[in-house]
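Please look through the sequence and the three-dimensional view that follow, and keep both beside you while you read.

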Amino acid sequence: MNLKERLIASGEALLHRGGTVQVLVDLNVREPDAACLQKLAAYGLEVSEVIGNKLVGTIPGEQIGRLERDPQVAEVEVATRLKPTARL
Amino acid sequence: MAKPRKPPTKARGTARKRPPSAAAVATASARAEPEECPPAPLPPLASSKLDPVLRLTAVRAAREKSGLRDVAVAAAASGPQELRRVTAVRDVPLGVKFLAASLSVPSVRALAKADLVQVLVDVRDAKAVAVQVAQWQGETHQVTATTLAVHTPRARLQEIAALEDVRYVESSARLRPHGDLAHLSSRLVRAGVRSVPQTGRGVLVGVIDTGIDAAHPSFTSGGTNRIVRYWDQESGVEHTAAAIAAGQAAASPDVIGHGTHVAGIAAGNGGGSPNQRYQGVAPEADLAIVKTSFMTADIARAIRQVFDLADQRAQPCVVNLSLGGHYGGHDGTTVAERAVDQLCGRGRIVVVSAGNEANDRIHAGTELPRGAAQPARWVADLELVSRAIQGDLMGLLTVQVWHQHEDDLLVRLRSPNGELFSPPRDGSQEFDRSVFFVEAVHQVAPYSGDHSTTFQIATVAQSQWLRGWSVIVEEDRGEGRHGVQVGAVHAWILDREQGHFSAGFTRSHLIGMPGTAYSAITVGSYASRREWTSRDATSPNVVLDQVHLEDISYFSSPGPTRDGDTKPEIAAPGQWLIAPLSQRAEEAWVPLWTRLAGSEYASMQGTSMAAPYVTGALALLLEKEPNIDWAEAKRRLIKSARQDAFTWPCWNSRWGYGKIDVEKLLRIEP
């Protein structure tokens with residue numbers, strides 16, 4: 001296994017190569033209506049939470065580009081993993 | 001500014017209380033003599049091996065033998081208040097006053113009057129001492145090889161202390177609750193009692209963390225568990241109050257122990273500790289717990305769920321996030337952070353730990369000069385750490401460089417063999433070599449318009465490929481480019497375990513995300529404890545000499561944010577706090593030496609511990625003013641912050657506006 005393959009296998013790769021990823025989506029609309037959510041669902045976005053004009057959900061990695069280009073979408077942020085802040 | 005420092009003391013595991021000199025004891029005893037009594041020679045103390053309270057009771061016993069009156073001890077028999085009053089007049093040593101303040105009334109009476117007193121004796125030879133005590137009609141129980149619990153006639157105290165095999169005699173007394181050191185420092189407790197009437201009753205405290213040991217007695221009051229909901233994001237299970245009462249939360253254990261400790265600092269009631277000594281800040285608050293995956297999306301969801309629950313229960317709510325990361329612009333504009341802003345409001349507050357990276361060299365930055373003769377250039381060298389990934393050692397590091405939208409800059413990565421890598425604008429590129437692999441991504445952040453360039457480096461674990469990497473930033477004066485207009489450049493290595501900058505690093509801008517969220521209350525840590533008795537039999541007396549009490553913790557991440565926001569706002573006790581220990585916590589996460597002897601409590605440090613302290617304090621404020629909004633709560637925290645010789649008189653990148661003062665926070669009005 002070369003370095004690239006090991007990096008991808010580790011799940012820590014910067015670029016997403018398929019698989020489902022968690023995303024936070026900032027919308028250009030004030031509050032998404034059913035039609036808006038339905039349109040975004042066509043990209044494979046599964047919304048788990050609506051926070052005002054922001055969505056939390058999952059999407060196939062290869063669909064992120066399409067979602068970003070949707071005029072209703074201001075920003076797509078791929079979720080990152082945080083850590084507890086205790087110090088051993 | 002010169003900071004006062006404590007002189008170093010003994011190494012961990014070897015500490016002993018140092019008894020005062022015989023001369024000091026004699027002076028103190030003489031001062032305790034009431035003025036109206038005729039001067040009378042006191043019987044000499046057998047030794048200075050008695051603790052200050054025992055010294056008083058031993059003096060009294062000796063006086064009774066000689067028929068003399070002792071006002072101070074008579075007052076002690078009436079209770080600690082009287083003792084404090086009399087001792088203040090008589091100028092009895094500070095140690096006596098301090099101990100008197102920390103003891104319960106029955107204990108002080110018992111020490112002063114009882115024929116038999118209970119003491120702990122530090123001995124060289126337990127057997128020899130036990131034989132001697134038995135001859136004096138006393139009882140002994142061996143606690144450790146060098147510690148005896150002794151019941152002895154009061155009149156024999158001096159004789160016990162005089163035994164050659166006895167090193168020190170300490171009163172064994174019932175302690176008052178609320179006596180933890182952090183609470184004294186934060187002014188939550190004064191003279192052994194809480195300084196504010198609020199306890200968090202009616203307030204919902206949300207803790208989004210590694211889970212909780214729901215069966216820990218600290219979370220139960222009057223037979224009712226105060227955890228009203230427990231979501232496990234990993235398993236997808238939601239435990240209701242009834243399910244928690246039925247013990248079903250055991251299916252979502254806290255094996256790291258972090259969440260249990262954090263929840264206990266904010267809202268534990270001290271159950272299972274001697275006299276509830278290790279009570280949290282808001283011991284009657286309700287708790288909503290989320291065992292999170294630590295993904296930013298899940299954390300945003302969790303905050304929403306907790307606030308929704310607060311809506312259903314019509315309770316004010318404060319959520320604690322003792323977590324963080326360094327992906328993002330460090331200016332509060334990630335979608336996750338703006339979601340936090342959107343969720344905060346009246347009676348809805350989020351508290352976040354600042355992070356622990358003050359010494360970790362994971363930030364580098366500069367201000368490029370504007371209009372210089374030559375194009376401005378900046379270099380930051382970095383070094384990877386070899387670690388096991390997928391079973392093999394390799395170097396893996398991600399560095400993210402940010403600059404403002406006004407500037408046109410070229411951001412490149414230079415490898416140890418001198419190759420230069422950069423991504424296309426608004427795009428990404430891979431560079432695959434046999435000994436290293438680089439991914440590079442450029443993005444214009446949609447919200448701020450600022451530029452980020454991210455490099456991920458994977459290398460073989462050989463020193464010549466782990467070292468010698470550099471980030472190079474150069475002013476772009478090409479056609480149609482503006483060059484340097486503002487000039488601020490910042491770079492972050494995303495995790496201190498990946499590596500560090502070897503040149504160009506700074507000790508600023510280290511607050512993690514979501515601590516940089518605008519509406520979040522971000523908390524730094526200072527030291528409030530450095531000693532405890534652990535259950536590690538090889539080294540039970542833990543004394544951490546390098547901890548400077550009341551000073552900022554060496555690890556506490558400094559601000560400000562990249563856009564200059566004054567974070568952290570406040571500092572709270574976070575360096576060695578004692579709080580509940582999860583029964584299922586693994587030793588890798590909570591080592592034996594941090595676990596307290598004799599109770600299910602542990603000592604931990606980190607801004608993770610400081611944040612829930614403030615969360616608990618805000619629960620008290622929300623009990624008083626349920627509709628206070630996050631901005632006013634933040635203003636009150638800042639206004640009530642305490643400054644002393646360690647802090648600064650104004651905002652400081654490590655302290656924020658100063659130390660939390662719970663009493664003042666609850667007292668000040670809008």
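In chain B, strand β20 (residues 409–414) and strand β25 run antiparallel and are joined by six bridges, where strands are DSSP runs of E with at least two residues, helices are runs of H or I with at least four, and both are numbered from the N terminus. Two strands are said to pair if DSSP finds at least two bridges between them. This is a predicted model, in which local features need pLDDT of at least 70 and side-chain atom pairs count only at pLDDT 80 or more, while totals for chains, interfaces and linings use all residues. Residues are numbered from 1 along each chain as its sequence is written, and chains are lettered from A and ligands numbered from 1 in the order in which they are written.

Strands of a sheet pair through backbone hydrogen bonds, either parallel or antiparallel.

Chain B contains 17 helices and 32 strands, and of its 670 residues 53% count as buried, a word used here for a residue with 20 or more other C-beta atoms within 10 Å of its own, as against exposed for 12 or fewer and partly exposed in between, with C-beta atoms placed from the backbone. One of the helices, α15 (residues 607–624) of chain B, has 18 residues that should span 26 Å at 1.5 Å a residue, and its end C-alpha atoms are 26 Å apart, which agrees; the expected span is 1.5 Å times one less than the number of residues. This helix, α15(B), is mostly covered, with 17 of its 18 residues buried.

Two loop residues of chain B can be set side by side. Ser252(B) is found in the loop between α10 (241–245) and α11 (258–267) of chain B, and it counts as buried because it has 22 C-beta neighbours inside 10 Å. Not counting residues up to four places away in sequence, Ser252(B) touches several residues, among them Gly211(B), Tyr230(B) and Lys291(B), where contact requires C-beta atoms, placed from the backbone, to lie within 7 Å. Asn359(B), in the loop between β15 (348–353) and β16 (363–367) of chain B, is partly exposed, with 14 other C-beta atoms within 10 Å. Leaving aside its neighbours within four places in sequence, Asn359(B) is in contact with Tyr554(B) and Phe555(B).

Chain A has three helices and five strands, which follow one another along the sequence in the pattern α-β-α-β-β-α-β-β. The radius of gyration of chain A, taken over C-alpha atoms, is 15 Å, well over the 12 Å that the globule rule gives for 88 residues, so the chain is more spread out than a compact globule; that rule is 2.2 Å times the number of residues to the power 0.38. Of the 88 residues of chain A, 31% count as buried. Four of its strands form an open sheet with antiparallel pairing in the order β2-β3-β1-β4, and the edge strands, β2 (46–51) and β4 (73–78) of chain A, each pair on one side only. Strand β1 (residues 20–27) of chain A pairs with β4(A) over five bridges in the antiparallel sense, and Val25(A) stands opposite Val76(A) in β4(A).

Where the two chains meet, 49 residues of chain B are in contact with 32 residues of chain A. Helix α12 (residues 296–313) of chain B gives the largest share of the side of chain B that touches chain A, namely six residues. Strand β5 (residues 83–84) of chain A and strand β14 (residues 323–324) of chain B run antiparallel and are joined by two bridges, with Pro84(A) standing opposite Leu323(B) in β14(B).
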